[in-house]
Amino acid sequence: MSLQPGQVVQELGYDDDVDHQLRDDVEALTGEEMLDEDAVEAVDVVVLWWRDGDGDLVDALVDSLTSLGDNGVVWLLSPKSGRPGHVAPADIEDAAPIAGLHSTSSIAATADWAGTRLVSRGRAG
């Protein structure tokens, strides 16, 4: 996820099924606790846990931009294929541009979660 020490990370979509080791790793890498959805300060990275059935993905992506700084990154984490709540990559690719974002890469974030890196359109990345 290319996180750096001192970066401020906001977490959205937290629920019991998130990967707690990934959360711990993010906080260890940045040296900061992740902020929750109520945070109003500018952040460098938004981690958005998203599952099929969570609602409207476009709305969630737009909401993820509220606190995101100018050069910020959104990491959309969704269950991998075959897991409950899986989100098809095509759904992410369809929703991102409507929210003013585009994907730059995808990763296997954990054994159960895939990650898609999203940045504002106009940024290479």
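Modeller: The model is predicted.

Biologist: In what order do the elements of the protein chain run from the N terminus?

Modeller: The protein chain holds three helices and five strands. Read from the N terminus, their order is β-α-β-α-β-α-β-β.

Biologist: How does the radius of gyration of the protein chain stand against the globule rule, and what is its value?

Modeller: For 125 residues the globule rule gives 14 Å, and the protein chain comes close to that, so it is as compact as a globular protein of that length. Along the principal axes, the C-alpha atoms fill a box of roughly 35 × 30 × 25 Å. The radius of gyration is 13 Å.

Biologist: What percentage of the contacts with a separation of 6 or more joins residues 24 or more positions apart?

Modeller: A contact means heavy atoms within 4.5 Å. Among contacts in the protein chain with a separation of 6 or more, the share from residues 24 or more positions apart is 69%.

Biologist: How far apart do the centres of the positive and negative side chains lie?

Modeller: The protein chain carries 7 positive and 25 negative side chains. The centres of these two sets are separated by 8 Å.

Biologist: Which residues form the aromatic pair, and is its geometry stacked or edge-to-face?

Modeller: One aromatic pair is found in the whole structure. Tryptophan 49 and tryptophan 113 form it, with 4.7 Å centre to centre and 80° between the planes. Planes over 60 degrees apart count as edge-to-face, so the pair of tryptophan 49 and tryptophan 113 is edge-to-face.

Biologist: Which strands does this pair link?

Modeller: Tryptophan 49 and tryptophan 113 are both buried. They lie 64 residues apart in the chain. The pair links strand β2 (residues 43-49) and strand β5 (residues 113-120).

Biologist: Is threonine 116 buried or exposed?

Modeller: Threonine 116 sits in strand β5. Leaving aside residues up to four places away in sequence, threonine 116 touches Val74, Trp75, Leu76, Ile92, Ser103, Ser105 and Ser106. Its relative accessibility is 8%, so threonine 116 counts as buried.

Biologist: What is the phi of serine 2?

Modeller: Most residues other than glycine have a negative phi. Serine 2, in the segment before β1 (9-12), is exposed, with a relative accessible area of 66%. Although serine 2 is not a glycine, its phi is positive, at about 55°.

Technical notes:
Residues are numbered from 1 along each chain as its sequence is written. This is a predicted model: local features need pLDDT of at least 70, side-chain atom pairs count only at pLDDT 80 or more; totals for chains, interfaces and linings use all residues. Side-chain values use heavy atoms; hydrogens and water are left out. Helices (H or I, at least four residues) and strands (E, at least two) are DSSP runs, numbered from the N terminus. The radius of gyration is taken over C-alpha atoms; the globule rule is 2.2 Å times the number of residues to the power 0.38. Lys and Arg count as positive and Asp and Glu as negative; His and the chain ends are not counted. The place of a charge is taken as NZ of Lys, CZ of Arg, CG of Asp or CD of Glu. Rings of Phe, Tyr and Trp (its six-membered ring) pair if their centres lie within 6.5 Å; planes under 30 degrees apart count as stacked, over 60 as edge-to-face and the rest as tilted. Buried means under 20% relative accessible area, exposed over 50%, partly exposed in between (1.4 Å probe, protein chains only).
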